[in-house]
Protein chains: 2
Amino acid sequence: MIRIFHENDRVAQQTAQSMRDRGVLAVNLLGAPGAGKTTVITQLASRMPKGSVCCLQADLESDIDTQKLTKLGVVTKQINTHGTCHLDALVIADTLTDFLPQNAKILFIENIGNLVCTADFKIGEHVRILVSSVAEGSDKPYKYPPIFQSADTVILTKTDLLEHVDFNQDEFIKGVNALCPTAPIFFVNGRSGQGFEEVISWLISRNAQA
Amino acid sequence: MIRIFHENDRVAQQTAQSMRDRGVLAVNLLGAPGAGKTTVITQLASRMPKGSVCCLQADLESDIDTQKLTKLGVVTKQINTHGTCHLDALVIADTLTDFLPQNAKILFIENIGNLVCTADFKIGEHVRILVSSVAEGSDKPYKYPPIFQSADTVILTKTDLLEHVDFNQDEFIKGVNALCPTAPIFFVNGRSGQGFEEVISWLISRNAQA
């Protein structure tokens with residue numbers, strides 16, 4: 001197992017360097033099934049220069065999200081893992097060979113919807129964004145600490161549902177801060193578009209550091 | 001890997017037989033993080049004779065849900081997997097050794113919130129219940145087919161949010177029916193309690209068959 005991680009990390013590092021050389025920020029987008037990962041991408045892409053955002057979309061099966069993004073003009077490639085619970089660096093390196101568009105500045109890699117296994121594997125990213133929805137409840141940091149610990153930022157989605165669900169903001173913020181004290185938390189609403197400008201500012205600042 | 005599954009299935013079969021001999025229906029409760037698995041248990045337990053429901057609660061960390069259930073008088077034991085993404089038959093057999101209350105009729109085993117890895121492992125259950133929330137979206141059967149395929153019934157939770165989220169009921173039902181044609185789908189609302197009586201009738205019918 002140690003040897004598997006070693007080989008994975010070596011390839012992940014290569015991918016990250018190669019993206020850096022091309023001026024592309026690679027984002028590993030993590031979250032539970034239905035957290036709103038694809039909506040985060042569509043909202044961000046619609047606010048950025050055309051062609052600057054591209055995407056790798058992972059799901060066990062189906063190309064539902066790739067179809068959504070392609071319709072919006074985001075160059076997207078589908079990865080179907082056929083049962084595998086996470087992406088790894090070798091799959092990403094292989095998929096990127098013939099993919100990256102000329103003018104890309106940000107590559108979103110939407111991982112499998114999974115709050116456990118995806119945390120363990122670097123895939124070549126410069127930053128990890130963890131997407132969590134208010135409908136999932138405010139106890140998630142306490143129940144799934146490793147993935148929160150690994151996050152560079154947390155995006156809390158579906159804030160339009162706050163008045164309809166039992167979500168304790170203080171509990172959530174306290175839990176996140178305890179696990180990743182330097183990670184900012186963004187509150188967003190995928191229906192109104194609220195909160196996404198702030199995420200873009202953060203991404204741009206990270207791109208300069210990448 | 002084949003040998004691991006073989007040993008797991010052997011122990012799962014033993015557990016299922018031992019529960020059957022004691023007149024207990026063992027339920028493997030599956031679903032994504034925040035789908036509402038614990039609320040399903042609390043709603044069902046509150047409608048059944050005191051002491052007839054008991055529970056094993058699995059989470060990577062924390063005993064938040066065990067505390068909730070214990071407060072309601074449901075005898076519950078916590079399993080913390082410390083990073084492991086699913087339960088297996090050996091863990092359950094070991095945990096049950098000193099657990100099962102005298103008058104128990106139904107044992108709920110709430111699995112780790114995970115729509116991928118939990119599908120592969122029998123843990124000694126007689127039935128599998130898959131909990132899916134309307135907030136997760138109606139495309140879940142298409143993206144995570146193996147776990148839907150393995151379900152004996154699907155409980156659709158948080159139906160009070162239907163008017164606030166993009167959830168296509170026809171798409172969801174069609175997807176579920178294609179993967180598990182004999183599994184009934186129950187629509188429930190954990191806030192009002194709507195729909196849980198029907199789940200109890202189904203559980204009672206399954207108990208008679210166990």
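**Entry 1: conventions**

I count two strands as paired if DSSP finds at least two bridges between them, and I take helices (H or I, at least four residues) and strands (E, at least two) as DSSP runs numbered from the N terminus. This is a predicted model, in which local features need pLDDT of at least 70 and side-chain atom pairs count only at pLDDT 80 or more, while totals for chains, interfaces and linings use all residues. Residues are numbered from 1 along each chain as its sequence is written, chains are lettered from A and ligands numbered from 1 in the order in which they are written, and side-chain values use heavy atoms, with hydrogens and water left out.

**Entry 2: the sheet of chain B**

I traced an open sheet of seven strands in chain B, ordered β3-β2-β4-β1-β5-β6-β7 with parallel pairing. Its edge strands are β3 (75–80) and β7 (185–187), each of which pairs on one side only. From one strand to the next the twist averages 20°, where axes are lines fitted to C-alpha atoms, for helices over the stretch in contact, and angles run from 0 to 180 degrees between N-to-C directions.

I then looked at β1(B), residues 25–31, which is joined to the parallel strand β4(B), residues 106–110, by five bridges, Val27(B) having Phe108(B) as its bridge partner. With β5(B), too, β1(B) pairs in the parallel sense over five bridges, and there Leu29(B) stands opposite Ile129(B).

Helix α2(B), residues 37–45, lies across β1, β2, β4, β5 and β6 of chain B and runs at about 165° to β4(B). Helix α4(B), residues 89–96, packs on the sheet, touching β2, β3 and β4 of chain B, with its direction at about 135° to that of β3(B); contact here means heavy atoms within 4.5 Å.

**Entry 3: the core**

Which residues touch the most other members of the largest nonpolar core? I find Leu107(A), Leu107(B) and Val154(B), in a core of 86 residues, a core being a set of buried Ala, Val, Leu, Ile, Met, Phe, Trp, Tyr and Cys residues joined through side-chain atoms within 4.5 Å. Beyond four places in sequence, Leu107(B) touches residues including Met19(B), Val27(B), Leu56(B) and Phe99(B).

Leu156(A) is 32 residues from Val188(A) in sequence and 6.1 Å away in space, C-alpha to C-alpha.

**Entry 4: helices α2 and α8 of chain A**

Helices α2(A), residues 37–45, and α8(A), residues 196–209, pack at about 80° with axes 10 Å apart. They are therefore roughly perpendicular (65 to 115 degrees; under 35 is roughly parallel, over 145 roughly antiparallel, the rest oblique). Val40(A), Gln43(A) and Leu44(A) meet Phe196(A), Val199(A), Ile200(A) and Leu203(A).

**Entry 5: the two copies**

Chain B superposes on chain A by a rotation of 180° with 0.0 Å of shift along its axis, at RMSD 0.0 Å, using least squares on C-alpha atoms of residues with pLDDT of at least 70 in both. That is the relation of a two-fold axis.

Notes. Buried < 20%, exposed > 50% of the residue type's maximum accessible area, 1.4 Å probe, protein only.
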